[in-house]
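Student: I would like to learn how to read strands and charged pairs in a model. Could we work through an example?

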Amino acid sequence: MSSHSLIRSAIVDLGSNSVRLVVFEGRERNPVIIFNEKATLRLGSGLDTTKRLNPKGVALAEGVFKRFYAVATTMGADPFVVLATAAVRDATDGQEFINKLQSWMPNVPIHILTGEQEADYAAAGVLCSISNADGVVADIGGGSMELVQLCGQQRFNAQTLPLGVIRLMDRSERKISKAKSIVTKDLKSVEWIEEVKKKNLYLVGGAFRAMAQLYMEYTSYPLSIVHYYTLPYEEAKRMVEWTIEKSKGGVNNIPIFIHKRLNDLPYAATVLGQLLARMRPEKIIFCAEGVREGWYMRNVVSEAACNQDPQEAAALDISERLGRVKEFPLALMQWTSNLFKNETVEMKRLRWNACLISDSGCHDHPAYRKEQSYLRILCMAGMAFDHPTRAFLALTTAMRYEAGIDEAFLSSAKKILTHKQFEQAIILGMAFRVAYTLSGNLPSLLLRTRLKVGKKKLTLYFSQHLDAVISDAVTRRLSRLGQLMGLETQLLSDEEEIKNKPS
């Protein structure tokens, strides 16, 4: 049984635009979501004028919260909390609404987050998967936007601004030119933003994510995963301009899940445009993790788990759930240690994660294994892997399961990876193919052989009495690996190596 089983935590994120229940399973470094449901209440609509919550949203809330309560309690979620943000925080009838909420969800803790707490949890959510984040987190909601500075896994400056998409829409009287002036003025109050110019900008919040989804569709991006979608500064500017221009004339053929966000997009784009003008970040990175995941990391996950590398933790989890021999990845890591000359730290990390997941397709039907294992890694749920890492690991695994370089389903990896990354993934996957054919997934047998990369030759050395395992399939696959590396191949026993050494 999985270590995730039956240990559940439920978090309701009560925002100015929507309310969402997420149920996590397990206590691991990378949250596993087993339930995720959203309802749009737009509680913050009209708040800037009336100072009260939107009565239509309040009327709809009872049915939504009673359902959430039934789902989370039936699942046995513990802890189970509600996190309320800007609309409830700022409305004169916010406490009155919380009292109703408490009657609908008895014994469930309800926290009205301050702007600083909201910023703090948003920052922790980003660090949950992007542990080396360095720059600014911008978390946009319906009522507010939180800006937080991150560096060295620490949060520094934090500020809340009334620039949520619903509030900005109300403040600007639905005029984009006026909205732009409001954003420019509000951002001037963030004095510390001068300290983070040219650094990365991490974008959190549904309106930012919807903008990314629409732009990915427009540019035919090869993955439909917003988390870790990354754009350089100039491309980010183009996206902002395109979003505002498109929204003026109406957008055709948009994905159904973006419809509810369509009116918000030009305001989110206006905010992002002014952030880009102030910061001129090297790149923008969209993040699907925010306040909910930040709360989960701070209140549920152990300190030891929090300190794990998120990518390694994810790869280890795949290895434990889907692999057959838990010692084999370490043996494979040792066996491939000579494969890449002048290997970088980043490449070594990639190789280790590839070793961990290399047996993840062992339970698939052989006729579909190469494609199934590729898609499993490329499109897996979870937040640890950026898009090039997903593509690299997926391609390596597909090659290990005998995919051909020109298979049509590998086209997404070709679009995402650089030529060098693509080549390295192919070589590593082919080396895995040799290793598994040679050893039958037995670490002790694999480590009685060695792979040595020379200037002109790729040599597989094997211990005495192992002649029987050197089959035609091993020879063929070693030869193919050599061709990919531009090297001749040879098989030598340890005895032959000793004889050939100059005395």
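This is a predicted model: local features need pLDDT of at least 70, side-chain atom pairs count only at pLDDT 80 or more; totals for chains, interfaces and linings use all residues.

Student: Is strand E1 buried or exposed?

Tutor: Helices (H or I, at least four residues) and strands (E, at least two) are DSSP runs, numbered from the N terminus. Buried means under 20% relative accessible area, exposed over 50%, and partly exposed in between (1.4 Å probe, protein chains only). E1 covers residues 8-14, and seven of its seven residues are buried, so the strand is largely enclosed by the rest of the structure. Arg-8, Ala-10, Val-12 and Leu-14 point one way from E1, while Ser-9, Ile-11 and Asp-13 point the other way.

Student: Which strands pair with E1?

Tutor: Two strands pair if DSSP finds at least two bridges between them. E2 (residues 18-25) pairs with E1 in the antiparallel sense over seven bridges, and the two form a hairpin with three residues between them. Within this pairing, Glu-25 of E2 stands opposite Arg-8. E4 (residues 80-84) pairs with E1 in the parallel sense over five bridges, with Leu-83 in E4 as the bridge partner of Asp-13.

Student: How many salt bridges does the structure hold?

Tutor: Side chains of opposite charge can pair when their charged atoms come close. A salt bridge here is a side-chain nitrogen of Lys or Arg within 4 Å of a carboxyl oxygen of Asp or Glu. The structure holds 30 of them. In one, the closest N and O atoms of Arg-42 and Asp-264 are 3.3 Å apart. That pair links distant parts of the chain, 222 residues apart: Arg-42 lies in the loop between E3 and H1, and Asp-264 in the loop between H9 and H10. Arg-42 is partly exposed at 22% relative accessible area, whereas Asp-264 is buried at 0%.

Student: Where in the chain are Asp-48 and Arg-167?

Tutor: Their side chains meet in a salt bridge at 3.9 Å, N to O. Asp-48 sits in helix H1 and Arg-167 in helix H6, 119 residues apart. Asp-48 is partly exposed at 31%, and Arg-167 is buried at 10%.

Student: What is the accessibility of Asp-406?

Tutor: Asp-406 is exposed, at 68% relative accessibility. Lys-414, its salt-bridge partner at 3.8 Å, is partly exposed at 38%.

Notes:
Residues are numbered from 1 along each chain as its sequence is written. Side-chain values use heavy atoms; hydrogens and water are left out.
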